[in-house]
Amino acid sequence: MTPTAATRAAKHIAALLASLLVAAMLLSCGEADKAEREAGHAAQPHGNTREDSFQDAKRALLKQVYLDHRVTLYCQAAYDEKGFVVLPPGFTTPKHQARTSRIEWEHVVPAENFGRAFSEWRDGHPDCQDKRGPFKGRKCADRVSREYRLMQADMYNLYPAIGAVNAMRSNYNFAMLPGAPNTFGACGMKIEGNRVEPPEHARGAIARTVKYMAWAYPRFHVSRQQEQLMDAWDRMHPVDQWECTRAKRIEGLQGNENPMVKGQCQEAGFWQ
């Protein structure tokens with residue numbers, strides 16, 4: 001081979017290698033972009049994207065979801081179309097007596113527990129100012145973050161509760177509290193320290209609500225201990241007809257499904 005031919009061959013091989021390297025880089029970038037897109041898609045919320053007013057959500061629940069099932073979650077107290085409670089026999093409360101006459105809409109996953117994921121809640125925002133100065137917390141998150149308002153107004157996470165029970169539950173996580181006395185007399189709700197054990201009849205719905213919120217909103221994270229408890233309650237306390245009716249009505253109003261409930265309802269023949 002002449003020197004000229006050898007030079008041409010070397011250049012050809014170098015060009016070929018360069019082309020292969022570029023192709024490999026493009027393939028790698030394409031795969032990285034695909035993975036990034038898939039990760040971004042996986043991180044997209046599956047929750048409420050329609051109703052961002054907490055007040056409107058509460059009205060819809062009262063008038064369109066619970067219209068024929070006016071019973072509170074924890075104590076199974078009856079209430080009327082205006083939210084006035086008929087206290088069950090033997091109900092007592094150690095605090096908040098004035099809040100026993102009406103229902104309040106309880107966040108099973110407390111607003112503070114997902115609200116702390118928002119910088120507006122933790123640190124405030126330039127738009128969160130009033131005559132007393134800057135503020136943060138729930139009021140700030142509600143003012144400036146639509147994403148927060150959508151989570152706050154998610155009807156799957158809202159249940160009627162006697163006001164005093166809602167107040168004392170606060171933002172405490174659920175737990176098993178063997179040996180602890182009932183906090184509200186005949187109502188089997190227990191609060192000890194900063195933990196809450198709900199009555200057995202409420203545990204399945206609570207579990208599926210917590211699991212839904214963790215699935216629907218990437219900002220909200222459940223501890224491993226809480227996740228294990230919710231999985232156990234979910235298995236031990238399956239759906240009933242009312243839980244399925246409730247979920248179907250909320251899906252119609254809010255536009256998104258709760259697969260933690262819907263799948264079980266369809267299997268049980270309750271999704272009608």
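Visitor: Let's start with α9. What covers its buried residues?
Guide: The cover includes β7, α8 (200-216) and α11 (259-268). Cover here goes by contact, meaning heavy atoms within 4.5 Å. Buried means under 20% relative accessible area, exposed over 50%, and partly exposed in between, with a 1.4 Å probe and protein chains only.

Visitor: Where do the model and the labels come from?
Guide: This is a predicted model: local features need pLDDT of at least 70, side-chain atom pairs count only at pLDDT 80 or more, and totals for chains, interfaces and linings use all residues. Residues are numbered from 1 along each chain as its sequence is written, and side-chain values use heavy atoms, with hydrogens and water left out. Helices (H or I, at least four residues) and strands (E, at least two) are DSSP runs numbered from the N terminus.

Visitor: Back to α9. Which of its residues are buried?
Guide: Q226, L229, M230, A232, W233 and D234.

Visitor: And how far does α9 reach?
Guide: Its 13 residues (224-236) reach 18 Å from first C-alpha to last, close to the expected 18 Å. That expectation is 1.5 Å times one less than the number of residues.

Visitor: Zooming out, how many helices and strands are there in the chain?
Guide: There are 11 helices and nine strands. The chain has 272 residues, and 42% of them count as buried. Among contacts with a separation of 6 or more, 66% are between residues 24 or more positions apart.

Visitor: β7 was part of that cover. What is the strand order in its sheet?
Guide: The order is β7-β9-β8, an open sheet of three strands with mixed pairing. β7 (173-174) and β8 (190-192) are the edge strands, each pairing on one side only. Two strands pair if DSSP finds at least two bridges between them.

Visitor: Are β8 and β9 parallel or antiparallel?
Guide: Antiparallel, over three bridges, with β9 at residues 195-197. Across that pairing, I191 stands opposite V196.

Visitor: What about β3, is it enclosed or open?
Guide: Four of the five residues of β3 (103-107) are buried, so the strand is largely enclosed by the rest of the structure. Five bridges join β3 to β6 in an antiparallel arrangement, and H107 has L158 of β6 as its bridge partner.

Visitor: Does F114 count as buried or exposed?
Guide: Buried, because its relative accessibility is 0%. F114 belongs to helix α3 (111-115). Leaving out residues up to four places away in sequence, F114 touches H107, V109, Y148, M151, Q152, N157, M213 and F220.

Visitor: How far apart are F114 and V222?
Guide: They are 108 residues apart in sequence but 9.8 Å apart in space, C-alpha to C-alpha.

Visitor: Y148 is on that list. Which side chain has a polar atom 3.1 Å from its backbone nitrogen?
Guide: That of S145. S145 is in the loop between α5 (138-144) and α6 (146-152), and it counts as buried because its relative accessibility is 8%. S145 also touches F118 and E120, again not counting residues up to four places away.

Visitor: New topic, pockets. What volume does the largest one have?
Guide: About 340 Å³. Its lining has 19 residues, with L73, H201, A205, D240 and W242 nearest the centre. α8 gives the most, five residues, while β6 (158-162), α8 and α10 (241-254) each supply at least two.

Visitor: How are pockets and cavities found?
Guide: On a 1 Å grid over the protein atoms alone, a cavity is a set of points where a 1.4 Å probe fits but cannot get out, a pocket is an open set with protein on both sides within 12 Å along at least five of seven lines, and lining residues have an atom within 4 Å of a point. Grid points are joined across faces, edges and corners, and a volume is the space filled by probe spheres set on the points.

Conventions:
A polar contact is a pair of N or O atoms within 3.5 Å; within protein, one must be able to donate a hydrogen and the other to accept it, and residues adjacent in sequence count only if both atoms are side-chain atoms.
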